[in-house]
Amino acid sequence: MEDVMEHRTLGQGLKVSAEGLGCMGMSEFYGAGDDKESVATIHEALDSGVTFLDTADMYGPFTNERLVGEAIKGRRDEVVIATKFGNQRGEDGSFIRINGTPDYVLEACDASLARLGVDVIDLYYQHRVDRTVPIEETFGAMKTLVEAGKVRHLGISEASSATIERAHAVFPLTALQSEYSLWSREPEDDTLATCRRLGIGFVAYSPLGRGFLTDEAATSATGEGDFRSQHPRFSGEARERNLELVGNLEQIARAKDVTVAQLALAWVLSRGADIVPIPGTKRRKWLRENIAALEISLSDDDVAALEAAVPRSAVQGDRYQAASMRSLNG
């Protein structure tokens, strides 16, 4: 499939596959991992023409970057590696703070390079905005990483339009990474428009609603060690209401002979050539299903039907628990 993989350009020149692979769940948050299957999934992604791998130092913590690094050994020239810093954690898994201090930026980058086993990171994001440090100071340090040849492109995650503007003034941003899916439409309020005005690409994480916008919605978030069980959207009455919305999608998927996940991904892909979704999976069977979404073409009527099936106002519950919600839109 490699020769037919669509590509998209983030910002002013970072060419990536139209769909990336989020690697977080291979190491944490979605129950027990299987490193052998995860590496096989990354290898199959590369074989299929997926060039864009997304990780972060906090995933594991620290183990996901090592896993990705092992998987791409001997194939570095086939991969665009994106990683992130800013959610500072201890070796014991404890969450220390959101840290955007210049010294920490430099320290975190060197640690990520070592774990990944590479000389340069293609896209380096500030994972969450540190409200105690002026964004100009954080991005001033990130700029020095580009000048030193340790990083090629800079990005930011879950930032407000005002912060995006200020960061972009220090060094041109290549990408904003924020949650975007049929049931998380907040970027449409302003940040997507800000990115387009400034020529910044948009990377959509959780385009499948953390597995809820799939045929497996009813059984998602039931395993031990699955952080979704604590999320408002996956709990109680909100979950039951949201399952009704997935039922609406199932009817459309059946009529098109595709899966709910493929429909949800096709919707994100249809929102613009400057948007690249990075669905996460740790299994090859779901990777194949996700890649097949690239073959689905949606008409304007199809898009309208999907948005009517999952009205923004009908989605119940916040995206995260209260503490995590406070770190968004920084």
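**Aromatic tour**

Start with the rings: there are 6 aromatic pairs here, where a pair means Phe, Tyr or Trp rings (the six-membered one for Trp) with centres within 6.5 Å, called stacked if the planes are under 30 degrees apart, edge-to-face if over 60 and tilted for the rest. Before you click on, note that this is a predicted model, with local features needing pLDDT of at least 70, side-chain atom pairs counting only at pLDDT 80 or more, and totals for chains, interfaces and linings using all residues. Residues are numbered from 1 along each chain as its sequence is written, and side-chain values use heavy atoms, leaving out hydrogens and water.

Now select Y180 and F202. Y180 is in the loop between strand 10 (175-179) and helix 6 (191-198), while F202 is in strand 11 (201-205), 22 residues apart; helices (H or I, at least four residues) and strands (E, at least two) are DSSP runs numbered from the N terminus.

W267 lies in helix 8 (residues 260-270), so the pair ties together parts 87 residues apart in sequence. Show Y180, F202 and W267 together: they form one aromatic cluster.

Buried or exposed, what is W267? At 0% relative accessibility, W267 is buried (under 20% relative accessible area; exposed is over 50%, partly exposed in between, with a 1.4 Å probe and protein chains only). Y180 is buried at 1%, and F202 is buried at 0%.

Last stop: R89, whose charged end sits over the ring of F95, 4.1 Å from its centre (NZ of Lys or CZ of Arg within 6 Å of the ring centre and within 35 degrees of the ring normal).
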